[in-house]
Amino acid sequence: MLPLEMLDKRMDAPQCPPVSPPPCLHALHARNVSLKLFPVTCEYIKGEKQFYYRAQQFYEDVPASEEGMLGDFMEIGNVDLEGSRQFLKRFVAGTHCALDCGSGIGRVSKGVLLPVFEKMELADMMEHFLLHAHEEYLGDDADRIETYYCYNLQEFTPPKHKYDVVWMQWVACHLTDKDLMNFLMRCKKSLRPNGVIIMKDNMARQGCKLDPIDSSISRHLDIMKCIIAKAGLEVLAVEKQEGFPEVIMPVWMIAMK
Ligand SMILES: C[S@@+](CC[C@H](N)C(=O)[O-])C[C@H]1O[C@@H](n2cnc3c(N)ncnc32)[C@H](O)[C@@H]1O
């Protein structure tokens, strides 16, 4: 059973006040690249932004399994993990503790982070993913998970000065520009000296692309870099994940501090 104190859960999502389009979106509107994105992400249903409400609904029906984490592309799992391990190697300074954001069942924690870091923490909005990670998927390595944070990242503030690496894979796409920028700022404060944030995500070939099924936004790499710069972070390296089928959107890894 998951020790209760390890599951730090907050279900009471605050009412989100209306927000102005972040500067990146202003720029996009000006260049006529991405229209209609702001209205879609800022409608309300049951007190939450429609964008977040739909993602919550989507993941409630996703099974707590590797298939669930990878959708229709199970075959990319090993290539993905190997690409991540090689990229991570270039940036590991300390090996004390890492945070896996949008961890799901801990697929990345298991295959990339736990072999490197002494301790880990996982953050995800879905309780059934975190429970499966702890009770089954991570096996004996679950003993080295210090905390499971069951939070929406847009409302989550990680502890300060704690992590050598903050990993965010396939979850930046689930945050609005403004929430992503603010979350990156909070992650920056959570790093130990020489710590890095690594983001791995789908990047649109052009502009921004909204997927209404899982409620995610894929952004062009330049747009993502703009959000990262607004968060006060410096990009250390960007690398495209090679070996994925051509039919899927390009996936890039970005290391920043
Ligand atoms: C495509 S899965 C990726 C899981 C994992 N990073 C991996 O690569 O296997 C996306 C994960 O992000 C989580 N997620 C989506 N939106 C979130 C949010 N706003 N806050 C926290 N977690 C979120 C989902 O619950 C899901 O576990």
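# Notebook: a look around the predicted model

**Entry 1: a loop residue.** I started with Glu75, which sits in the loop between α4 (66-70) and α5 (77-89). I kept in mind that this is a predicted model. Is Glu75 buried or exposed? Glu75 has a relative accessible area of 53%, and the cut-off for exposed is over 50%, so Glu75 counts as exposed. I also looked up its distance to Pro245: the two C-alpha atoms are 9.4 Å apart, although 170 residues separate them along the chain.

Entry 2: Next I turned to the inside. In soluble globular proteins, nonpolar side chains tend to be buried together. Here the largest nonpolar core has 36 residues, and the members that touch the most others are Met168, Leu180, Leu184, Ile197 and Met199. Several elements each give at least two residues to this core, among them β7 (163-169), α8 (177-189) and β8 (191-202). I picked Met168 and asked which residues it touches. Leaving out residues up to four places away in sequence, Met168 touches Cys101, Leu180, Phe183, Leu184, Ile197, Ile198, Met199 and Lys200. There is also a second, separate core of 32 residues, which includes Val62, Leu88, Leu114 and Met253.

**Entry 3: salt bridges.** How many salt bridges does the structure hold? I found ten. In one of them, the side chains of Asp80 and Lys200 meet at 2.7 Å, N to O. Asp80 is in helix α5 and Lys200 in strand β8, so this pair links parts of the chain 120 residues apart. Asp80 is buried at 0% relative accessibility, and Lys200 is buried at 0% too.

Another pair is Asp177 and Arg219, with the closest N and O atoms 2.8 Å apart. Asp177 lies in helix α8 and Arg219 in strand β10 (residues 216-219), so the bridge ties together parts 42 residues apart in sequence. Both Asp177 and Arg219 are buried.

I then checked Lys162 and Glu146, whose closest N and O atoms are 2.6 Å apart. Glu146 is partly exposed, at 31% relative accessibility. Salt bridges with shared partners join Lys119, Glu121, Glu146 and Lys162 into one network.

**Entry 4: the ligand.** Last, I looked at what surrounds the ligand. I noted 20 residues around it, the closest being Gly102, Arg107, Asp124, Leu153 and Gln169. A backbone N or O atom of Gly102 lies 2.8 Å from a ligand nitrogen, and for Met125 the corresponding distance is 3.3 Å. A polar backbone atom of Leu153 is 2.9 Å from a nitrogen of the ligand. On its own the ligand has 590 Å² of accessible area, and the protein covers 97% of that.

How values were computed:
Residues numbered from 1 in each chain as written. Predicted model: local features only at pLDDT ≥ 70, side-chain atom pairs only at ≥ 80, totals over all residues. Heavy atoms only, no water. Core = buried A, V, L, I, M, F, W, Y, C linked by side-chain atoms within 4.5 Å. Buried < 20%, exposed > 50% of the residue type's maximum accessible area, 1.4 Å probe, protein only. Helix = DSSP H or I, 4+ residues; strand = E, 2+ residues; numbered from the N terminus. Contact = heavy atoms within 4.5 Å. Near = heavy atom within 4 Å. Polar contact = N/O pair within 3.5 Å; in protein donor to acceptor, adjacent residues only side chain to side chain. Areas by Shrake-Rupley, 256 points an atom, 1.4 Å probe, with all protein chains shown as cover. Salt bridge = Lys/Arg side-chain N within 4 Å of Asp/Glu carboxyl O.
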